[in-house]
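Student: I have a model open and would like to learn how to read its features. Where do we begin?

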Amino acid sequence: QILKDYREQHGFTQLEMAGKLGVSQSMIQLVENGKRGLGRQASYKLHQLDPKVFKLDLLLCPDCAPKAA
């Protein structure tokens with residue numbers, strides 16, 4: 001959900017975001033719908049886009065995030 005929220009807040013279409021990350025628009029759609037994860041290269045590009053929002057360690061290991069109590 002964070003990818004979609006970020007994309008919409010910054011006025012990017014799925015196609016524009018795909019271009020920034022070097023993936024297809026359909027891949028962005030799949031990621032936003034929780035059907036796929038980003039690959040390492042796209043995750044790194046996403047982190048470079050906004051390191052404060054997209055933490056590289058959590059992009060590469062989403063299960064490593066602290067669990068809410």
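**Reading the features**

Tutor: Tyr-6 is buried, because its relative accessible area is 7%, and buried means under 20%. Keep in mind that this is a predicted model.

Student: How many aromatic pairs does the structure hold?

Tutor: The structure holds one aromatic pair. The ring centres of Tyr-6 and Phe-54 are 4.9 Å apart and the planes stand at 75°, so the pair is edge-to-face. Planes over 60 degrees apart count as edge-to-face. The pair links distant parts of the chain, 48 residues apart: Tyr-6 belongs to helix H1, and Phe-54 to the loop between H4 and helix H5.

Student: Is Phe-54 buried or exposed?

Tutor: Phe-54 counts as buried, with 2% relative accessibility.

Student: Which residues of helix H2 are buried?

Tutor: The general idea comes from the turn: an α-helix has 3.6 residues a turn, so residues three or four places apart point the same way. In helix H2 (residues 14–21), the buried residues are Gln-14, Met-17, Ala-18 and Leu-21. They lie on the same side of H2, because their arc around the axis is only 105°. These buried residues pack against H1, H3 and helix H4. On the face turned away from the buried side are the exposed residues Leu-15 and Gly-19. Just after H2, Gly-22 has a positive phi of about 75°.

Student: At what angle do helix H1 and helix H3 pack?

Tutor: Helix H1 and helix H3 pack at about 120°, and their axes are 8 Å apart. That angle makes H1 oblique to H3. In the contact, Leu-3, Lys-4 and Arg-7 of H1 meet Ile-28, Val-31 and Glu-32 of H3. Three of the contact residues are nonpolar, three are charged and none is polar.

How values were computed. Residues numbered from 1 in each chain as written. Predicted model: local features only at pLDDT ≥ 70, side-chain atom pairs only at ≥ 80, totals over all residues. Heavy atoms only, no water. Axes fitted to C-alpha atoms, helices over the stretch in contact; angles between N-to-C directions. Helix = DSSP H or I, 4+ residues; strand = E, 2+ residues; numbered from the N terminus. Parallel < 35°, antiparallel > 145°, perpendicular 65-115°, else oblique. Contact = heavy atoms within 4.5 Å. Nonpolar A, V, L, I, M, F, W, Y, C, P; charged D, E, K, R; others polar. Buried < 20%, exposed > 50% of the residue type's maximum accessible area, 1.4 Å probe, protein only. Arc of directions from axis to C-beta. Phe/Tyr/Trp six-rings, centres within 6.5 Å; stacked < 30°, edge-to-face > 60°.
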